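User: I would like to learn how to read the features of this model. Please take me through them one at a time.

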Amino acid sequence: MLYVPARCSFHAFLNFDGSSKGNPGPAGAGVVLRAADGSMVFQLREGLSVATDNVAEYKGLMLGLKYVLEKGFKHIQVQGTHNLSACRI
């Protein structure tokens, strides 16, 4: 993970995803935050033991949003891969 100042306010793109093997099955979630110029600001991942694809996808989103809020990012564009999580937000 790269160092991020305690308070940031630039525009960035948050990409998230989650998946399970078996649905439900062993699952994981991940997130990447990129600056407006495309450079990576941080990446996070988390194992979820047993979960469905949908739970893993939501967990990836929550993992990323929690981090950007804690670090004080103000202008975030969120991009996911599943229509279900995009329609529910």
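This is a predicted model: local features need pLDDT of at least 70, side-chain atom pairs count only at pLDDT 80 or more; totals for chains, interfaces and linings use all residues.

User: Which glycine takes a positive phi in the hairpin of E2 and E3?

Analyst: Glycine 38 does, with a phi near 95 degrees, and the hairpin has 4 residues between its strands. Strands E2 (residues 25-35) and E3 (residues 40-51) run antiparallel and are joined by 9 bridges. Glycine 25 is opposite alanine 51 in E3.

User: How do I read the length of helix H1, and which of its residues are buried?

Analyst: A helix span is compared with the one expected at 1.5 Å a residue. H1 (residues 53-71) has 19 residues and reaches 28 Å from first to last C-alpha, close to the expected 27 Å. Buried means under 20% relative accessible area. In H1 that applies to Ala56, Glu57, Gly60, Leu61, Leu63, Gly64, Tyr67 and Val68. These residues lie on the same side of H1 because they cover an arc of only 155 degrees around the axis. Lys66, Leu69 and Glu70 are exposed on the other side.

User: Which residues touch the most other members of the largest nonpolar core?

Analyst: Of its 14 residues, these are Leu14, Val31, Leu33, Val41, Phe42, Leu44 and Val68. Strand E1 (11-20), E2, E3 and H1 each give two or more residues to this core, and H1 has the largest share, 4 residues. A second, separate core has 5 residues, including Ala27, Ala29, Ala51 and Ala56.

User: What is valine 31 in contact with, leaving aside neighbours within four places in sequence?

Analyst: Its contacts include Leu14, Phe16, Phe42 and Leu44, along with Gly60, Leu63 and Gly64.

Definitions and conventions: Residues are numbered from 1 along each chain as its sequence is written. Side-chain values use heavy atoms; hydrogens and water are left out. Two strands pair if DSSP finds at least two bridges between them. Buried means under 20% relative accessible area, exposed over 50%, partly exposed in between (1.4 Å probe, protein chains only). The arc is that of the directions from the helix axis to the C-beta atoms. A nonpolar core is a set of buried Ala, Val, Leu, Ile, Met, Phe, Trp, Tyr and Cys residues joined through side-chain atoms within 4.5 Å. Contact means heavy atoms within 4.5 Å.
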